[in-house]
Amino acid sequence: MGNLWIGPPGALYEIDRAAKSFERAADLGVTEFKALSGRITLTRTAPPVRRVKLSWDMLEPQTARVLDRLARRVDGGGSGVGPLVLIDPAAGNVLEPAQATGRGPAGASGLAQWFRVSATGAVAETTPGVFAFTAADATGQVAWRCVPWSGNFPAAAGLRVSFRAPTAFAALGTVSVGIDFKKADGSYLSTVSATGPFVAATVPAGATHLTPTAKTGAAGTYSLAGACLTYGGDGAADDVPGDGLPKLAVTGYSDSPGRPLPYRNVGVDLVEVTGATG
């Protein structure tokens with residue numbers, strides 16, 4: 001398991017100290033009403049919202065200052081740092097839950113979750129809400145988008161990442177996979193590729209984002225279910241549930257002196273958001 005990383009896209013900071021407390025449960029939005037008759041009625045808001053609570057004892061001053069600046073929205077030219085990325089080492093798959101199962105909104109194009117890299121392939125809805133990649137020939141290649149961030153997956157130099165192709169791709173003896181690394185402006189930097197369904201790499205210097213890709217190596221239509229992108233190690237495996245990489249905003253913050261100084265006791269509460277500004 002790797003370390004925790006936090007910050008705005010393109011400026012992630014690594015925290016190599018394990019948190020004393022780490023709660024990452026989703027707020028299901030369920031309200032229970034019990035009538036006098038004893039019958040229970042539930043109301044539910046959709047979708048569930050992730051809440052994360054972190055706390056550290058005796059945190060080094062440099063790391064404490066970073067968290068303080070993020071919580072108080074000090075950076076960002078007066079407009080705040082906006083939503084934050086939290087690379088959680090407990091997440092087994094940072095693809096979206098539906099994306100990891102090859103699903104999406106019925107009737108949609110699927111382009112919000114995947115896009116073709118080659119000219120000889122297409123992502124298409126096979127049944128309502130279920131998507132597949134059709135390769136016209138052996139060069140057909142598809143890539144995954146980071147849905148909450150509408151593009152490339154946020155990353156940071158030195159972070160260990162791994163990717164495994166969908167189950168149907170992995171069953172092919174011709175499959176190959178890769179991870180494209182990109183600069184802050186979105187321009188291409190480098191690629192790590194491998195023959196077979198699995199690839200792992202360390203994010204190189206200068207890279208702030210990445211895009212996983214897969215090539216079937218054979219013509220045909222293949223389900224997109226079962227893909228896995230893992231941060232913090234080489235643990236990408238078949239059919240791991242998607243955990244997502246949501247946009248987060250700080251809703252609570254505590255900072256008290258440690259003993260001895262200059263160490264700090266710090267707590268940060270975050271909630272999943274659709275957007276956040278200063």
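Author: In helix H1 (61-71), Thr63, Ala64, Leu67, Asp68, Leu70 and Ala71 are buried. Buried means under 20% relative accessible area, exposed over 50%, and partly exposed in between (1.4 Å probe, protein chains only). Helices (H or I, at least four residues) and strands (E, at least two) are DSSP runs, numbered from the N terminus. The model is predicted, so local features need pLDDT of at least 70 and side-chain atom pairs count only at pLDDT 80 or more, while totals for chains, interfaces and linings use all residues. Residues are numbered from 1 along each chain as its sequence is written, and side-chain values use heavy atoms, with hydrogens and water left out.

Reader: Which residue with a positive phi follows H1?

Author: Most residues other than glycine have a negative phi, and most peptide bonds are trans. Here Arg73 follows H1 with a positive phi, near 55°. Arg73 is found in the loop between H1 and strand E8 (85-87) and is partly exposed, with a relative accessible area of 43%. Ser150 also has a positive phi near 55°; it lies in the loop between strand E12 (141-144) and strand E13 (153-154) and counts as exposed at 67% relative accessibility.

Reader: How many residues does the largest nonpolar core have?

Author: A nonpolar core is a set of buried Ala, Val, Leu, Ile, Met, Phe, Trp, Tyr and Cys residues joined through side-chain atoms within 4.5 Å. The largest one has 40 residues, and Trp144, Phe153 and Phe169 are among those with the most contacts inside it. Apart from it lies another core of 16 residues, among them Ile15, Leu248, Val266 and Val268.

Reader: How many aromatic pairs are there?

Author: Rings of Phe, Tyr and Trp (its six-membered ring) pair if their centres lie within 6.5 Å; planes under 30 degrees apart count as stacked, over 60 as edge-to-face and the rest as tilted. By this rule there are four aromatic pairs. One of them is tilted, because the rings of Trp114 and Phe131 have their centres 5.6 Å apart and their planes at 40°. Trp114 lies in strand E9 (residues 114-116) and Phe131 in strand E11, so the pair ties together parts that are 17 residues apart in sequence. Trp114 is buried at 0% relative accessible area, and Phe131 is buried at 1%. Phe133 and Phe169 form another tilted pair, 6.4 Å centre to centre with 40° between the planes. Phe133, Phe169 and Tyr222 form one aromatic cluster.
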